[in-house]
Amino acid sequence: MAALARKDLLLELRGRETLPAMLLFVVAMLVAFRFALTGEQSDAAAGLLWVAILFTALLGLGRAFVPEREQGVLDGLVLAPCDRSAIWLGKLLATLAFLVLVELVALPAFALFFEPLSGQTIAAVALANVGICAVGTLLAAMAVAARARELLLPLLFLPLALPIVVGGVGATVAEDAGRYLGFLALYDLVFAILAWATFEYVVVE
Amino acid sequence: MLLLGGGVALALLWAPEDADQGISQRIFYIHVPVALTAYACFGWGAWKALRHLWTRGERYDLESYTAIHMGTIFGLLTLVTGSIWAKISWGVWWSWGERQLVLFLILFLFYSAYFMLRFSVDAGPARANLSAVYALFGVVLIPVSFLAIRLAENFIHPVVFTREGPQMAGSMFATFLVCLAGTLALAGALYSNELTGKRLDERLLELRELLA
Amino acid sequence: MIRARALEKRFGSKRVLRDVELDVERGGFAVVTGPNGSGKTTLLRLCAGLAAPTSGELELGVERGRIGYLGHEALVYRELTALENLDLYGRLYRVPERRERIGMLLERFGLWDARHERAGAFSRGMLQRLALCRTLLHEPDLLLLDEPFNALDADGAALLDRELVELRGERAFLVATHDPARLAPLAPEHVALAGAK
C-alpha cells in the first residue's frame, strides 16, 4: 500500500499535471467568488469556501485513475497478491496529499480575500478531506469503468458529498462546532468502512 | 395484486371522511405511505444488491435495479405530493424546513445518478457490481443525510416549522394503515410486473443472440 | 493446477464462453486456440481471477500471487520508467532480492539500456518485452500468456522460444495463440474454443 501511494506521488512528480491545475483552479474560483459576493456576507463566504474545496477535490479525483486506465494497469494491480482495498487506500492517500497541498495555498488565500479562518474551520476541513477522498476515490474507480466518465463522476459524487457541505458549513458558522465536527467524523468512518469493503467489487468483474 | 392496488383508491375515497383538520390532512394519506414505500423500495434494492455481491447471482442485479426503479418513481411522487402539501399547508411550493422533502430531493439526485451510471456502462457483470455498490451507498446515505438535514436546520432555515398535530384518532390511523398497505401492495405489484417484463426482455435478447 | 468444468461466461446477454472443460496439470502446457472472438482472452482472464465465471466450476491449485499473467496490454504505467514499473511490481509481489532479479530480467530481454526510459516512449515490441519481464518477475508457478508473440520481432520471438523451453519443468502454462505451430516444439495439449454460439 505504501508502495502504491509512493508510486502515485512519483507519477504526479513526473507528469506535473494535476496539482498545478488544482491550485490554479481553486485560486481562480476564490477570485470569482469574491466578485460574486457583494458587500459583507461572511456566512455566504464560508459556504463558498466549501464549494471551492469540493469542486477542487472533484477536479483532482477526475484524474485519479487516469494513469491506471492506460495500458490496463488496474488489472496488473488487481492481480498482485495484496488486498484489493489496498489499491483504494493507496490512491486515497495520494489524492489526500494533493488536496492538503492545494489547501495549504487555498486556505491562506481565502483568509486573505475574505476573512480569517477559525481553528474549528481548519479542523472541519481536515475531517472533510478524509471523507471526500474516501468516497471520491471509490467513485472515481467506478467512473473510469463507464463511458461518460468525466460527466459521471460529479453526478455520482455530489449527492454523496452534500452531508460534508452541511457538516463543514455548520462547523464554520456555528458557535458550538463540536456536533458538526462529530458528524463529519461519523461520515468519514461510515463511508470509509463502506468504501473499503466494496472496492474489490468495483475493480473485479 | 391489482385488486389491492384498487384498494388504495377505495381508501383514498374513504379517507376524507375522517379528515377533520381540513383539506391539508387529506394528502397526508398519500404522501406519507408513498414516502415509506419509497424507503422500502430503496431498502429492498440495497438488500438485493448486497445479495448480488455476496452470491454473484445474476438475477439479484435485475431485482435490485427494478426495486430502485420503483423507489425512484415513488420518491418522485413523494416530492410532488409533498410539494402540494406544502402549498396547501403554508402557501409555498417548497420549504427547506420540511426534512422529508429535502431528504427526498437528495435521494432523487442520488438515484438519478444511479441510472446515469447504469446507462453508461455496458450490460454485464461489471455493471451489476458497480450498480450494487452504488445502491449500498444509497441506503447508507439515507440516515446520514437525514442527520445532516437535522443539523442543517440550525443554520439553513431559522424558522423551523413543527408539526405537532393532535394524536391520530383510531379511524384515521386505520385509514393510514390501509393506505400504507395499499401503496406497498401497489409497489409490489408494479415491481413484479416490471421484473417479469425485464426478464422477458433479457430472455428475448439471449434467444436472439443464440439465433444470430 | 487448473480444473474447469462446464465453465460459462456471459456479458449481459452475450455468451462468450460456454461449456468449457479444461485441465492443466503441474508441468503441463496447454494451448488455447480459436478464431477471433471465441473467448480466448476471457478464459485467461477468468483463470487469472480478473473476472468471475457466470456459472460452472473453476478451481485453481495456486494462489493469486503465484500466477503470472501476460495480457493484451503491458499493464505498466506509461509515465514510469521500465525500472520503476518493475520495481513497483517487485514490491507488490514481495520479490526477494528485487533489484538483482529485475536487473537480470531486463538484461535477458534486452531492455537494460532502456531501463531509465519512460514506458510510454517504448515501441510495441519493447512494451511486450517489458510485459514479459513483469510476468516472470515473481517466478510464477502458473503462467497465463495471451498472444505472447504479439509485436515481437524475430529476435524477440526466438528469445521467447528459448525462455519457454527453459521455464517449463514444474510450471504450468496456459497460452492463447492464433499461431499454435510456433509452440509445437513444446508438445502442448490443445484446447480449441469454437466460439460460444
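## Salt bridge and polar contacts

A salt bridge is a side-chain nitrogen of Lys or Arg within 4 Å of a carboxyl oxygen of Asp or Glu. In this predicted model, one salt bridge is counted between chain C and chain A. It joins the side chains of C:Arg45 and A:Asp75, at 2.8 Å from N to O.

Between chain C and chain A there are also five residue pairs in polar contact, both residues at pLDDT 80 or more. A polar contact is a pair of N or O atoms within 3.5 Å; within protein, one must be able to donate a hydrogen and the other to accept it, and residues adjacent in sequence count only if both atoms are side-chain atoms.

## The interface of chains C and A

Chain C gives 28 residues to the contact and chain A gives 24 residues, where contact means heavy atoms within 4.5 Å. The area buried between chain C and chain A is about 2600 Å², with 60% from carbon and sulfur atoms; buried area is the accessible area (1.4 Å probe) that two parts lose on being put together, summed over both. C:Arg64, C:Tyr77 and C:Leu92 supply 28% of the area that chain C buries against chain A, more than any other three residues.

## Cysteines

Zero disulfides are found over all chains, a disulfide being a pair of cysteine sulfur atoms within 2.5 Å. C:Cys47 is buried at 0% relative accessible area, and C:Cys133 is buried at 0% as well. Buried means under 20% relative accessible area (1.4 Å probe, protein chains only).

## Conventions

Residues are numbered from 1 along each chain as its sequence is written, and chains are lettered from A in the order in which they are written. Local features need pLDDT of at least 70, and side-chain atom pairs count only at pLDDT 80 or more, while totals for chains, interfaces and linings use all residues; side-chain values use heavy atoms, with hydrogens and water left out.

Key:
Buried means under 20% relative accessible area, exposed over 50%, partly exposed in between (1.4 Å probe, protein chains only).
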